[in-house]
Amino acid sequence: MLYIYTVLFYLLPVMLTSKDSPLCPPASLLKLHPALWRGSQFSTRAGPTVSTGFAALDAELPGQGWPTGALIELLTPHSGIGEIRLLRAALHAQPTPQPVVLLQPPYQPNIACWSDWRFGPQRLLHLTPQRARDAYWSAEQILKNGSCAALLFWAHPVQSSVLKRLHLAAQNSQTLFFMFRPLSVQNEASPAVLRVMLAAEQTGALTLSILKRRGPACGHVITLASPPSELFSTITHDLMDRPAPAQPQPRHVATPLAD
Amino acid sequence: MTSGAQQCGLKLGMRCATVRSLAPECLLYPRDQRAEQNAYAQAAQAALAYSPSVYQHTRDTLLIDVTYSLRLFGGIRLIVQGLRQQLKRLTLQVQSGVAPTATGAWLLAQVARHSTQHFIQHSSQQSAQHSAQHSSQQSAQHSAQRSLQRSAQYSTQYSPHYACSQPTLERLLNPLPCAMLPSAQPHLVWLKAIGCETLGGLRALPREGLQRRVGTALLNELGQAYTQTVWRQTPYVAPEQFIEQLDLLDRLEHTEALASFSERLALSLCTWLAAKQYALRSATLELHHERGRHACPPTTLELAFGEPVWLLGQLMPLLRERLSRQSLVGPVVALTLRSQALAAQSTRSATLFPDPLQAPADYRRLLDLLSARLGAEQILQPLPLPDHRPEIANNWVSIGTSTVVAKDTTTATRATPATVSSTSAPLTERPFWLLAEPLALTVRDDRPIYYGPLQLMRGPERIESGWWDHLRIARDYFVAQDQQAVRYWIYRERDTEQARWFLHGLFA
């Protein structure tokens, strides 16, 4: 970041003495360095990205997808609102079937669901470190190693220094690095390049609000329709409040005796 | 000799009493022949990385024929620099000389030794036969002034003597004194009397007359220094097994300090691996405890590598984590590192872009490292079982059991076509999260409650299985949703009178 500021200070007199409008730098300045961009446009320096699989979300992200080799924060109110389904297309988009690591997940992952999503079971790794320090260390080693397609890390609370360190470790790899954090941290500072707040709707749709991105502030909420799922797509009608089925009554049928 | 020792006025060959009077703070150690041989073997193994033709010339000299390695390593200067750096990491002092002839290189290395006034007990000289010969001398201190040497090592800098062509060699050799040739020792007085004190002068004398007076030995040696001859000696061969012991100066009780000492052992292990072109599959590190009355058996650390390693950067992280997990039964006085299972080094081609074929090897190294710190039981990988009961089908095993891993891969490869065909149209969707233990739910108004009433969305899906063992289940599964739109997988028991509701999973 220091580098960017240096460039900006250097350019400031140039911009003020320019014959063009002083508030709007000429287009040639933007070509001067890839780290320069207007506040109203996306960063042109977005690194490699992986498409999210949702056109509406891709359009709102710099580089048209999840950035690899950077810290991405997903703020979720609860588990179970469709947070993994959101990442399913991105994990499928990886060219080689590299492993996906779940670090300290809140529940046990279900292999049957993973296989239903057409992932090989051997691509999944489940780490359950006992101490928080071990979990941070594992995350750092996984990011440094760089042989995994994605790292999904559930940790709370996390110190800001840990986040910075993990973000730094992520920058040297091509690993997709997601951290799942609760909604309560949305007002805390974070070095993440992308912070997305997730919420679910009763219809099964997922709404996303982008809290931070390399680009202009995103004021509106992105609604992603329920992904084409074998189960939920079959429900075409509105949700009915179905009562619980009646208690099964044990029956005793008299066995006819042989004559 | 270190600069500290030089400043105190110490010289090679002094008596112990003189050293004590000149530098009372100096610690004196008896000469350790075994350590000298160790240092010599380490230097020879480091040299083997550059050329297979490594010869022991004198007790402290290595001759290396680098004729056929010049192109591979990018020239003689890069070879000399690389070798010197490697020997410096092994804490050895080296003087080197480069010449087209073996004896010439040795003489040039001797010059380096005398010009820098190094304290030499153990030097090695390296040379090559044909176009360039490279010689170096190393000195490893194991007797007196050990502490001084540690305080200021390698403060003296000098440049090795390069003589890459015949004219340069002659120019450098001619001014050298005759006394440097071993076979000239008996004739030194006579040579001085006739005014011939340098090798150049000796060479200018009439050959027949010289041969009559001093014999053929001196002439042969002179000829070997100036012209190329075939070097007939058996080359040095590294041992087949690596065993090295490091005696610690103190009793160590912290594994972190042990890790830094074991790095020295690991470094010479990696040198040996590079010389033999081997990769390490497993090794043992023995921590020797107190000897004598309170003797207890050494602690043995097994280091097993999923992916064979041969670089220090791959070996050390695992060793560090392994040591940090170890709790010591007592203070450690010595370390022994020995190689166990070995494999051939797999050749890796250097590519501009990252090679996807290298990722599995990196992944196995990552698993090694993670299991070294976390323990294998905290690293779980799937081993799905063909069963209808969700909690039994969802089988996670720790990565430690190699038999399970092998079985997993075979079942995975066998099951892959079947699962693809069967999952092309899954009948029901399974939740991504599964609770380890189903959670009993309370019921209010005939409705299950989990932080609020749950709406049933789909179901029932009846799973009834396991009558053959004690884990029989009979359940009706439903998909339910709460007011925050979290989707749950809940079930109701069927086989009891008072059927209860349970939460079993979450759809993520």
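I take a polar contact to be a pair of N or O atoms within 3.5 Å, where one must be able to donate a hydrogen and the other to accept it. I am working on a predicted model.

**Entry: polar contacts.** With that rule in hand, I looked across the interface of chain B and chain A and got 19 residue pairs in polar contact, both partners at pLDDT 80 or more.

**Entry: salt bridges.** I then asked how many salt bridges link chain B and chain A, and the count is 1. I found it between the side chains of B:Arg373 and A:Asp134, with 2.9 Å from N to O.

**Entry: which elements take part.** I listed the elements giving two or more residues to the side of chain B that touches chain A; among them are α15 (359-374), α17 (402-423), β13 (433-444) and β15 (455-465) of chain B. The top contributor is α15(B), with 9 residues. I sorted this side of chain B by residue type too, and it splits into 34 nonpolar, 12 polar and 12 charged.

**Entry: extent.** I looked up the contact next: chain A puts in 67 residues and chain B 58 residues. Between them the two chains bury about 5,800 Å², and 59% of that lies on carbon and sulfur atoms. Within chain B, the residues losing the most area to chain A are B:Glu429, B:Phe432 and B:Trp433, which together make up 14% of what that side buries.

Entry: Finally, I checked strand pairing. Strand β5 of chain A (residues 108-109) runs antiparallel to β13(B), and 2 bridges join them. I noted that B:Leu434 in β13(B) stands opposite A:Gln108.

Notes:
Residues are numbered from 1 along each chain as its sequence is written. Chains are lettered from A and ligands numbered from 1 in the order in which they are written. This is a predicted model: local features need pLDDT of at least 70, side-chain atom pairs count only at pLDDT 80 or more; totals for chains, interfaces and linings use all residues. Side-chain values use heavy atoms; hydrogens and water are left out. Contact means heavy atoms within 4.5 Å. Buried area is the accessible area (1.4 Å probe) that two parts lose on being put together, summed over both. A salt bridge is a side-chain nitrogen of Lys or Arg within 4 Å of a carboxyl oxygen of Asp or Glu. A polar contact is a pair of N or O atoms within 3.5 Å; within protein, one must be able to donate a hydrogen and the other to accept it, and residues adjacent in sequence count only if both atoms are side-chain atoms. Helices (H or I, at least four residues) and strands (E, at least two) are DSSP runs, numbered from the N terminus. Ala, Val, Leu, Ile, Met, Phe, Trp, Tyr, Cys and Pro count as nonpolar, Asp, Glu, Lys and Arg as charged, and the others, Gly among them, as polar. Two strands pair if DSSP finds at least two bridges between them.
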